[in-house]
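User: Got a model I'd like to go through with you. Can we start with the terms and then look at the contacts?

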Amino acid sequence: MAAVEIRQKRALTLIALPMVLLALSCVYPVFFTINAALKTRKGFVLDRFGLASDPTLANFAQAWTQSRLSEYFTNSVVVTIGAVLTLLVVSSLAGYALAVLRFRGAKIVFTIILVSLMIPVQVVLVPFYRTMIALDLVNSRAGLVIAYTAFFLPFSVYLMTAFYARLPRELFEAAQIDGAGLVQVWWHIMLPMGKPALITLGILNTLYCWNDVLISLLVLQDERTLMVGIAALRGEYTTNVPLLAAGIVLAAAPIVIIYVIFQRQIVSGIAVGAVKG
Amino acid sequence: MSDRSVSAPRRRLLGDDPGRLGLLFVVPALALVIVFRIVPLIWGFGTSLTDYDGMSAARFVGIANYAALTRDPVFIDSIVNMLILLATLPVWIGLPMLLAILIHQGVPGGKLFRAVYFFPAVLSSVIVGAIFNMLLRYDGSFNAMLKALGFSAVDWLGNSSTALFSLIAVQLWATFGMSLLIFLAGLSTVPSDMLEAAKLDGAGLFGTWWHIVIPSIRPIIEFAAVVTTIGMLTSMFGLIYVLTAGGPGTSTTLPEFLIWLEQGRMNRPGYASAISMVLFALMAGLAFIQIRIMSRNASL
């Protein structure tokens with residue numbers, strides 16, 4: 001038995017080697033980008049791969065002001081916060097209704113929500129765009145908030161419903177006997193009890209909204225979100241790699257910071273989607 | 001459910017009727033989903049059967065748009081590209097599964113590996129695309145590395161025989177960490193006494209995997225396969241948009257990107273909708289399986 005264990009340990013250590021190489025491949029592109037962002041344009045042309053010998057922050061300043069990333073950044077922040085808050089409220093209400101209140105027709109509504117999961121934006125691109133025009137929601141940040149809510153909602157409702165369904169029913173009944181109205185039950189009990197699920201959903205939806213490009217390209221055409229801005233920057237500055245790299249770092253920074261802080265919730269959120277019950 | 005006569009004196013404006021309130025609470029979600037997804041889907045199907053040009057009245061043409069698709073070389077190319085992409089599915093499942101099993105079985109530094117492998121998955125497709133644009137250029141890092149190893153440089157994104165392959169590799173790089181997490185979650189449900197028993201019986205590492213680990217995570221493998229396939233059909237837009245714009249030629253044009261190109265030509269919504277419906281038909285079967293897995297899990 002001991003021999004088997006030793007053999008396994010040795011095998012695992014040997015296998016760890018290619019795993020380290022793979023890990024390096026995950027880290028190197030990020031290192032390259034940050035390093036390039038710190039170089040001057042001339043410094044980059046002279047030495048593409050070496051460490052930035054004379055690091056400068058000028059590229060960040062230029063991307064932020066001259067390339068209008070500050071405006072795009074604001075757009076992304078406003079729209080992401082608006083959409084995530086709307087998503088949380090709407091999906092918590094719906095989850096409460098579907099899992100706890102169990103009104104007549106709840107099953108049909110749940111099925112409609114699940115069916116809509118299989119309708120990606122691409123499939124409804126043309127009529128969706130026409131709907132947005134008809135409702136005068138194109139080129140408005142509020143319109144983009146509504147669009148994001150509509151497209152990221154089904155998964156959120158599904159998750160909140162599943163979460164609320166597993167809370168003990170006595171909780172809801174006790175509050176009712178104590179005379180709490182159904183709205184109060186939602187506000188004072190369901191919302192606080194649902195915090196772990198809401199935090200997970202908040203982070204996942206922040207990732208989705210911040211990172212989206214397709215819906216944003218379609219809805220915000222005059223203004224831009226940060227990701228569309230970066231895509232445009234890439235087209236305009238094919239020769240100025242340090243400036244592009246600085247833009248990339250600025251656009252990715254908020255998400256990377258969120259990832260570092262909330263790693264555990266992100267991981268558990270994905271696990272919830274995968275296996276349960 | 002609750003005795004309404006008891007709470008009657010406390011009844012508020014919205015009432016304490018769970019039925020009515022439940023309906024009210026679900027209205028925002030339902031309205032958004034119906035207005036922006038269900039109705040557009042039906043509308044799109046209707047449009048796909050017409051020769052609507054966005055201006056004059058739509059005329060019913062039956063399946064003419066679909067028939068035209070079968071003669072459209074760009075559409076056929078996009079389908080062929082999609083099939084090539086789908087053929088790489090075993091790598092998309094096998095690589096993260098292998099890594100997850102290794103981490104689960106206690107490779108040294110497993111937690112660090114998990115964090116590092118997942119990291120690219122939080123970056124947006126635009127960021128990933130822009131970064132790999134710099135790395136895969138003719139004078140980029142990748143070619144520099146190849147040259148150092150004695151190989152010759154290749155124009156990875158500018159050559160139609162390597163562009164699709166490069167696109168697929170980049171997307172795999174960006175998403176394998178996500179599948180890895182799904183597999184790790186599944187592996188955590190494998191009872192450890194089964195693994196112990198196998199060890200006692202003297203089963204080697206690979207024997208344990210083959211006879212115990214892989215069979216017990218079969219549902220996860222199925223789930224990952226479905227989710228990954230859906231992702232292949234619908235999550236590559238951002239990367240294509242930034243990395244190759246569908247080219248060179250049509251070599252990296254996938255159906256979802258073609259819909260975007262066609263939607264830009266506002267004079268052919270009927271034709272664009274027909275492509276959408278083909279994509280939807282492909283997805284519907286996959287999603288049906290996914291929904292069955294999901295509703296099995298949601299206790300409703």
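Analyst: A polar contact here is a pair of N or O atoms within 3.5 Å; within protein, one must be able to donate a hydrogen and the other to accept it, and residues adjacent in sequence count only if both atoms are side-chain atoms. This is a predicted model, so local features need pLDDT of at least 70 and side-chain atom pairs count only at pLDDT 80 or more, while totals for chains, interfaces and linings use all residues. Residues are numbered from 1 along each chain as written, chains are lettered from A and ligands numbered from 1 in the order written, and side-chain values use heavy atoms, with hydrogens and water left out.

User: How many residue pairs are in polar contact between chain A and chain B?

Analyst: Eleven, with both residues at pLDDT 80 or more.

User: What does the side of chain A that touches chain B divide into?

Analyst: It has 84 nonpolar, 16 polar and eight charged residues. Ala, Val, Leu, Ile, Met, Phe, Trp, Tyr, Cys and Pro count as nonpolar, Asp, Glu, Lys and Arg as charged, and the others, Gly among them, as polar.

User: How much area do chain A and chain B bury between them?

Analyst: About 9,500 Å², 78% of it on carbon and sulfur atoms. Buried area is the accessible area (1.4 Å probe) that two parts lose on being put together, summed over both. Met19(A), Gln122(A) and Arg130(A) supply 7% of the area chain A buries against chain B, more than any other three residues.

User: What does Glu262(B) touch?

Analyst: Arg268(B), Tyr271(B), Ala272(B) and Ile275(B), leaving out residues up to four places away in sequence. Contact means heavy atoms within 4.5 Å.

User: And Leu86(B), which helix is that in?

Analyst: Helix H4 of chain B, residues 73-87. Leu86(B) is partly exposed, at 25% relative accessible area. Beyond four places in sequence, Leu86(B) touches Thr229(B), Met232(B) and Leu233(B).

Conventions:
Helix = DSSP H or I, 4+ residues; strand = E, 2+ residues; numbered from the N terminus. Buried < 20%, exposed > 50% of the residue type's maximum accessible area, 1.4 Å probe, protein only.
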